[in-house]
Amino acid sequence: MPNRVVPAAVFCALVCIAGLSAQTPAGGALQFAELGVCKLVSGQQIEHCRLGYRTLGTLNAERSNAVLFPSWFSGTSDQLRSAVGPQGLVDPAKDFVILVDALGNGVSSSPSNSETQHGPDFPAITMQDMVNSEYRLATETLHLKHLHAVMGISMGGQQTFEWIADYPDFMDVAIPMVGSPRPSSFDELIYHADADAIRRDPDFHGGRYTTPPPMAVAEAILQMQLTSPANYVATHPLDKFPGEWARIRDKGILPFDANDWLAQLSAVMGLDIAHGGSMEEAAKRVKAKLLVVNAAQDHLVNPKPALDFAALAGAKTFILQSDCGHISTACESAALGEQTRAFLDGN
């Protein structure tokens with residue numbers, strides 16, 4: 001786990017794979033794909049577009065073992081390394097693992113780090129834009145013509161769904177985990193409330209702040225959805241709550257940037273891998289062998305859209321049954337790792 005303090009959504013994803021962190025391999029230095037201009041589906045463009053990534057393992061002689069693993073909401077490729085290892089979600093002894101910093105995460109091109117399109121001047125990005133930039137990383141920077149697999153957790157799972165719809169011939173296997181092909185109405189309720197909490201915060205100043213604001217209400221909204229009420233009560237004793245609330249109030253989403261948070265959240269809210277069409281038609285386009293992983297008690301990403309899509313696509317499913325909700329991948333990390341590694345191996 002990184003030394004820096006992380007916001008709730010990042011912490012969620014880290015906890016999701018915390019049981020695997022002892023297996024984290026060494027190496028995987030941060031690199032950047034310099035993509036020039038990234039043309040967006042809106043017709044706008046990101047100037048000086050770059051994508052952060054790390055690689056673990058070795059590309060085989062046939063160039064057939066590449067696994068692309070994009071980051072979750074507000075997460076980074078550095079944090080993703082804890083999911084990689086012999087007992088992790090993917091084993092770099094077998095696969096060439098490409099960990100990707102999704103657009104808007106503060107490492108890749110984002111509102112917070114763009115010199116020419118800073119803050120609210122940064123163009124709105126979509127899940128399609130994230131995936132299109134990752135396709136360019138794979139083909140233009142790494143010179144790959146095909147991937148063995150795409151896999152991801154939470155927003156990484158949503159990118160995985162986007163991948164199988166937009167580039168159906170480009171991978172053999174896809175494993176979206178606690179993700180969705182399209183938000184449910186309850187998901188949208190949470191995400192819109194969180195976005196409004198950012199925009200209405202008096203320290204936000206329309207995104208033109210000089211000091212990154214903590215955004216405590218936005219943090220609290222996500223904290224309420226990361227797990228189930230029963231699990232929260234069991235893991236957060238009442239006598240410790242004043243300290244927990246003080247932490248949420250004082251730190252909020254920091255050190256993550258509020259404009260970056262909104263940029264990625266907007267992409268999540270606008271996700272629709274059918275692109276305005278039917279999910280039945282989107283499912284017909286899928287060619288990858290598909291394992292859909294969801295958590296039965298997920299309050300942050302409702303499992304129904306993903307499971308409905310799995311049925312349409314004839315996909316295998318694996319349902320996490322603990323009361324940990326969205327972070328059930330932590331509570332059942334050993335079983336999940338067995339499932340993903342076996343599926344990547346063709347079993």
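These notebook entries record what I looked up in the structure, which is a predicted model.

**Entry 1: Disulfides**

I began with the cysteines. A disulfide is a covalent bond between the sulfur atoms of two cysteines. I found a count of 2 disulfides.

I looked up Cys38 and Cys49, which form a disulfide with their sulfur atoms 2.2 Å apart. The link of Cys38 and Cys49 is left-handed, with -80° about the S-S bond. Cys38 lies in strand 1 (residues 31-39) and Cys49 in strand 2 (residues 45-56), so this pair ties together parts that are 11 residues apart in sequence.

I turned to Cys324, which a disulfide joins to Cys331, with an S to S distance of 1.9 Å. The torsion about the S-S bond of Cys324 and Cys331 is about -90°, so I noted this disulfide as left-handed. Cys324 is buried, with a relative accessible area of 4%, whereas Cys331 is partly exposed at 45%.

With the bonded cysteines counted along the chain, I recorded the pattern 1-2, 3-4.

**Entry 2: Helix 5 with helix 9**

Two packed helices are described by the angle between their axes and the distance between the axes. I looked up both for helix 5 (residues 185-200) and helix 9 (residues 258-269): the axes come within 10 Å and cross at roughly 155°. Angles over 145 degrees count as roughly antiparallel, and helix 5 and helix 9 are therefore roughly antiparallel to each other. The crossing of helix 5 past helix 9 is left-handed.

Which residues meet here? From helix 5 I listed Glu188, Tyr191, His192, Asp194, Ala195, Ile198 and Arg199. In helix 9 they meet Ala258, Trp261, Leu262, Leu265, Val268 and Met269. By class, this contact of helix 5 with helix 9 has 9 nonpolar, 1 polar and 3 charged residues.

**Entry 3: Helix 5 with helix 6**

I next examined helix 5 against helix 6 (residues 216-223). Their axes come within 7 Å and cross at roughly 165°. Helix 5 and helix 6 are therefore roughly antiparallel to each other. Helix 5 passes helix 6 in a left-handed crossing.

In this contact, helix 5 contributes Ile190, Ala193, Asp194, Ala197 and Ile198. Helix 6 contributes Val217, Ala218, Glu219, Ile221 and Leu222. I noted 8 nonpolar, no polar and 2 charged residues in the contact of helix 5 with helix 6.

**Entry 4: The loop between helix 5 and helix 6**

I followed the chain into the loop between helix 5 and helix 6, where Asp201 lies. Asp201 is buried, with a relative accessible area of 16%. I also looked up how Asp201 stands to Gln31: the two are 170 residues apart along the chain, and their C-alpha atoms are separated by 35 Å.

Met215 lies in this loop between helix 5 and helix 6 too. Met215 has a positive phi of about 55° although it is not a glycine. I recorded Met215 as buried, with a relative accessible area of 2%.

How do helix 3 (residues 127-141) and helix 4 pack? I found an angle of about 75°, with their axes 9 Å apart. Helix 3 and helix 4 are therefore roughly perpendicular to each other. Among the residues making the contact are Met127, Val131 and Tyr135 of helix 3 and Met155, Gln159 and Trp163 of helix 4. By class, the contact of helix 3 with helix 4 has 6 nonpolar, 3 polar and 3 charged residues.

I then looked up Thr160, found in helix 4 (residues 155-166). Thr160 is buried, with a relative accessible area of 1%. Leaving aside neighbours within four places in sequence, I listed the contacts of Thr160 as Val150, Met151, Gly152, Ala174, Ile175 and Pro176.

**Entry 5: Backbone details**

I checked Val178, in the loop between strand 6 (171-177) and helix 5. Val178 has a positive phi of about 40° although it is not a glycine. Val178 is buried, with a relative accessible area of 0%.

Lastly, I noted a cis peptide bond joining Leu254 and Pro255, with omega about 10°. Pro255 has its place in the loop between helix 8 (241-251) and helix 9.

Conventions:
Residues numbered from 1 in each chain as written. Predicted model: local features only at pLDDT ≥ 70, side-chain atom pairs only at ≥ 80, totals over all residues. Heavy atoms only, no water. Disulfide = S-S within 2.5 Å. Helix = DSSP H or I, 4+ residues; strand = E, 2+ residues; numbered from the N terminus. Buried < 20%, exposed > 50% of the residue type's maximum accessible area, 1.4 Å probe, protein only. Axes fitted to C-alpha atoms, helices over the stretch in contact; angles between N-to-C directions. Parallel < 35°, antiparallel > 145°, perpendicular 65-115°, else oblique. Left-handed = near helix turned anticlockwise from the far one by under 90°. Contact = heavy atoms within 4.5 Å. Nonpolar A, V, L, I, M, F, W, Y, C, P; charged D, E, K, R; others polar.
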